[in-house]
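Good morning, everyone. Please have a look at the sequence and the model before I start talking.

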Amino acid sequence: MRLIWLFAAGYAAALGIAVQDLTAQDSAKEAWRLELRGNGAEARAQLRRAAESAPNDPLALEAYAEFLGHHRDPAARSTYEKLRQLLSRNGASIGERAKVARRLTELDLIAGDRLSAE
């Protein structure tokens, strides 16, 4: 009987994670659609709200950081730094953390901050 409850709890957790991933992906897709229609300000606001409403969701924060980076917004650096910290706390894979670290280095180089890039 305990095995069934354990299996059910695991399934519910996995389903919840999958739904959260889809929600973050849907928000990102909708934001890019808004931008393509010429409503970049609303797209940015939507991604910001999604990242703020789910502060522990790396996908929402990553979508917001990518959007900011794409538009060379100065807030991209701090948003990627928040993502780096979140991934470290969540025990994300080395590959995921390295990807964000590389992006932070790129942003430092673009800003002309060689010291931080090193």
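This is a predicted model: local features need pLDDT of at least 70, side-chain atom pairs count only at pLDDT 80 or more; totals for chains, interfaces and linings use all residues.

The protein has 6 helices and 0 strands. Along the sequence, the pattern reads α-α-α-α-α-α. There are 118 residues in the protein, and 31% of them are buried.

Next, the helix pairs. Two packed helices are described by the angle between their axes and the distance between the axes.

The opening pair is helix α2, residues 40-53, and helix α3, residues 58-70. Their axes are 8 Å apart, and the packing angle is about 150°. How do α2 and α3 run relative to each other, parallel or antiparallel? An angle over 145 degrees counts as roughly antiparallel, so α2 and α3 are roughly antiparallel to each other. The crossing of α2 past α3 is left-handed. On the α2 side, the residues that meet α3 are G40, A43, R44, L47, R48, A50 and A51. On the α3 side they are A60, L61, A63, Y64, F67 and L68. Sorted by class, this contact has 10 nonpolar, 1 polar and 2 charged residues.

Now α3 with helix α4, which covers residues 75-90. Here the axes come within 9 Å and cross at roughly 155°. By the angle, α3 and α4 are therefore roughly antiparallel to each other. The way α3 passes α4 is a left-handed crossing. From α3, the contact includes P58, L61, E62 and Y64. From α4, the contributors include A75, A76, T79, Y80 and K82. The contact of α3 with α4 divides into 11 nonpolar, 3 polar and 3 charged residues. Note that L61 and Y64 of α3 are listed in the contact with α2 and also in the contact with α4.

The remaining pair is α4 and α5. These two pack at an angle of about 160°, with axes 10 Å apart. That makes α4 roughly antiparallel to α5. The crossing of α4 and α5 is left-handed. In α4, the residues involved include R77, Y80, E81 and R84. In α5, they include E96, R97, R103 and D108. By class, the contact of α4 with α5 has 7 nonpolar, 1 polar and 7 charged residues.

Now the two single residues. Where is A92 found? A92 is in the loop between α4 and α5. Is A92 buried or exposed? The cut-off for buried is under 20% relative accessible area, and A92 has 13% relative accessibility, so A92 counts as buried. Leaving out residues up to four places away in sequence, A92 touches L87 and R97. A92 and P58 are 34 residues apart in sequence, while their C-alpha atoms are 9.6 Å apart in space.

The other residue is R103, in helix α5. R103 has a relative accessible area of 18% and is buried. Which residues does R103 contact, leaving aside neighbours within four places in sequence? R103 is in contact with G69, Y80 and I110.

That is the end of my part. Thank you.

Note on methods
Residues are numbered from 1 along each chain as its sequence is written. Side-chain values use heavy atoms; hydrogens and water are left out. Helices (H or I, at least four residues) and strands (E, at least two) are DSSP runs, numbered from the N terminus. Buried means under 20% relative accessible area, exposed over 50%, partly exposed in between (1.4 Å probe, protein chains only). Axes are lines fitted to C-alpha atoms, for helices over the stretch in contact, and angles run from 0 to 180 degrees between N-to-C directions. Angles under 35 degrees count as roughly parallel, over 145 as roughly antiparallel, 65 to 115 as roughly perpendicular and the rest as oblique. A crossing is left-handed if the near helix is turned anticlockwise from the far one by less than a right angle, and right-handed if clockwise. Contact means heavy atoms within 4.5 Å. Ala, Val, Leu, Ile, Met, Phe, Trp, Tyr, Cys and Pro count as nonpolar, Asp, Glu, Lys and Arg as charged, and the others, Gly among them, as polar.
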